[in-house]
Amino acid sequence: MKGLTIRWSLEGAPDGVVDQLRDFVAETSHGRFTGMSGLRHKTWRVREGEWFEGSYVFATDEARAAFQAEFVAGVADAPGTRIIGSQPVLVEPCDIVAVAEGWDGFEATPRA
């Protein structure tokens with residue numbers, strides 16, 4: 001499996017940006033990625049005042065490469081860039097070593 005991390009810094013971001021990001025994920029982004037071909041799963045993570053990121057796991061190198069190329073080409077207009085007011089500080093591909101599902105199972109939800 002092929003991973004990709006895209007991270008924006010929240011240092012100096014406008015007040016209320018985390019709430020805006022949470023709303024965007026719940027109302028738009030979650031639906032965009034649910035059922036996306038080539039994507040195994042995506043997780044959105046945030047540390048208020050520090051960073052916001054998307055963590056992706058793709059089924060193949062080709063799926064990851066295609067998504068990464070499309071994202072990088074349009075990074076200036078990416079929703080995260082527009083909401084936060086700056087471009088990502090990290091776009092990093094990686095290999096996923098393993099994934100385990102815990103006893104309580106996997107839950108796909110637009111808002112935690």
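Q: Leaving aside its neighbours within four places in sequence, what is Val17 in contact with?
A: Val17 touches Leu10, Ile83 and Ile84; contact means heavy atoms within 4.5 Å. This is a predicted model: local features need pLDDT of at least 70, side-chain atom pairs count only at pLDDT 80 or more, and totals for chains, interfaces and linings use all residues. Numbering starts from 1 along each chain as its sequence is written, and side-chain values use heavy atoms, with hydrogens and water left out.

Q: What makes polar contacts with the side chain of Glu53?
A: The side chains of Arg7, at 2.8 Å, and Arg45, at 2.6 Å. A polar contact is an N or O pair within 3.5 Å, one able to donate a hydrogen and the other to accept it within protein; residues adjacent in sequence count only if both atoms are side-chain atoms.

Q: Where does Glu53 sit?
A: In strand 3, residues 51–58. Strands (E, at least two residues) are DSSP runs, as are helices (H or I, at least four), numbered from the N terminus.

Q: How do you know that strand 1 and strand 4 pair?
A: DSSP must find at least two bridges between paired strands. Strand 1 and strand 4 are joined by 6 and run antiparallel, so they pair. Arg7 stands opposite Leu90 in strand 4.
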